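I'm opening a notebook page on a structure that is new to me. The plan is to look things up one at a time and jot down what turns up.

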Amino acid sequence: MVPFAGWSLPLHYGQGHLQSHLHTRRHCSLFDVSHMLQTLVYGRDRIRFMESLVVGDIAELKPGQGTLTLLTNDKGGITDDLIVTNTSEDHLYVVSNAACADKDLAILRDRAAQLQATGSDVHLEVSDNALLALQGSPSMARVLQAGLSDDLAKLSFMNSISTTVFGVPGCRVTRCGYTGEDGVEISVPAARAVELAEQLLGVPDVWLAGLAARDSLRLEAGLCLYGNDIDETVTPAEAGLMWTLGKRRRVAMDFPGAAVIMAQVKEKPRRRPVAMALTGAGRAPFTSLYPHIPGTVTSGCPSPCLGKNIAMGYVEAAHSRAGTELTVEVRKKQHPAVITKMPFVPTQYYMAK
């Protein structure tokens, strides 16, 4: 167990990190991600409220559809990355990173109060639900379908339904996750979370997995980690996340930091995010030096699936082409690396036919 953002989280279970990681890719694993902040946004002005804070086109989301979006500041920096879902009920469902929970909630509450003062109809509710993530392309759908009355085959990636899961009513099942595999996150009433977890773990294919596997799985999938790969000093343009900006929002430029971000798009960012594979020995550190090409390593670990060390980071745009050779410093020793394509391991997100 390790401390994380005020929580005590499992780093790994008895099988160990390597076997847990591989089991998720080959079968499926259950992650307890209840440390994530879950917020419900109500009121007829809830979409206008959310779009005043994030870069995404929330108004275009269909009922039950969600999107990854970015909470930005006035300088264009990324305050957090969020998943916002337009539920089929009467609210938006927002999931934020645990490490950003306090500042995110303060921003949301402050903006809600501003709009309320001008007569807008918006109010927030912090959910006390637990959050369980069942992840793994080969087995997840089969395991979960056994406990659902709804047809999981109709639920596409980044879509959500409110349903009963293995006899537990009032659950929100969202087809998403942080592993690159087909998976779901299940928001479940806290009083019945252990019951649901035990039901899922009763299937031999399902193992418990911890923070170490979650991190190595997300790095293989090329997914950013807030606080490492993105933060308030990095803009969406620099982070390669301009795909999160809807066309309407780019034209309207009505989100925090819009002028800075769109100017960077026009001028081209000076640095770019890259994926790197170490061709020598050694574990990639979280920060490193390039003696010949300026840049930083932001995340790195040995890849259980590829059998080599991988990393993400930033380099000058002129040196960001795949195949560019680098030298990284690992524990005061230099090792060769090469820029490669992202993701390291192909993702298995499910798109309903």
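This is a predicted model: local features need pLDDT of at least 70, side-chain atom pairs count only at pLDDT 80 or more; totals for chains, interfaces and linings use all residues.

Entry 1: I started with helix α8, whose buried residues pack against β5 (65-72) and α7 (247-252). Residues are numbered from 1 along each chain as its sequence is written, and side-chain values use heavy atoms, with hydrogens and water left out.

Some terms I need: helices (H or I, at least four residues) and strands (E, at least two) are DSSP runs, numbered from the N terminus. Buried is under 20% relative accessible area, exposed is over 50%, and partly exposed is in between, using a 1.4 Å probe and protein chains only.

Which residues of α8 are buried? I found A258, I261, M262 and Q264 in this helix, which spans residues 258-267. Looking down the axis of α8, these buried residues fall within an arc of 150°, so they line one face of the helix. (The arc is taken from the directions from the helix axis to the C-beta atoms.) On the other side of α8, I noted A259, K266 and E267 as exposed.

**Entry 2: the domains.** The chain splits into domain 1 (2-218) and domain 2 (270-342), with bounds from an automatic or database domain assignment. Their C-alpha centres are 30 Å apart. How many residues of domain 1 are in contact with domain 2? I get six, and they meet five residues of domain 2; contact here is heavy atoms within 4.5 Å.

**Entry 3: the largest pocket.** I looked up the terms before the numbers. The search runs on a 1 Å grid over the protein atoms alone: a cavity is a set of points where a 1.4 Å probe fits but cannot get out, a pocket is an open set with protein on both sides within 12 Å along at least five of seven lines, and lining residues have an atom within 4 Å of a point. Grid points are joined across faces, edges and corners, and a volume is the space filled by probe spheres set on the points.

The largest pocket comes out at about 1200 Å³. It has 48 lining residues, with G222, C224, G240, L241 and W243 nearest its centre. Which strand gives the largest share of the lining? That is β14, with five residues. Strands supplying at least two residues each include β6 (78-86), β7 (91-96) and β18 (333-340). By class I have 30 nonpolar, nine polar and nine charged residues in this lining. (Ala, Val, Leu, Ile, Met, Phe, Trp, Tyr, Cys and Pro count as nonpolar, Asp, Glu, Lys and Arg as charged, and the others, Gly among them, as polar.) Domain 1 and domain 2 each give at least three residues to the lining of the largest pocket.

**Entry 4: the second largest pocket and α6.** This pocket holds about 560 Å³ of space. Its lining has 24 residues, and L211, A212, D215, R218 and L225 lie nearest the centre. Helix α6 (211-220) gives the most to this lining, with six residues. The classes here are 14 nonpolar, six polar and four charged.

Eight of its 10 residues are buried, so α6 is largely enclosed by the rest of the structure. The cover over the buried residues of α6 includes α1 (17-26), β3 (28-32), β15 and β16. Just after α6, G222 takes a positive phi of about 70°.

**Entry 5: cavities.** My search of the whole structure gave three cavities of 30 Å³ or more. The largest cavity is about 70 Å³, and its lining residues include F31, D32, A209 and R214. Both β3 and α6 supply at least two residues of that lining.

**Entry 6: one glycine.** Where does G43 sit? I found it in the loop between β4 (37-42) and α2 (46-51). At 11% relative accessibility, G43 counts as buried. Leaving out residues up to four places away in sequence, G43 touches D121, V122 and H123. G43 and L124 are 81 residues apart in sequence, yet 8.8 Å apart in space, C-alpha to C-alpha.
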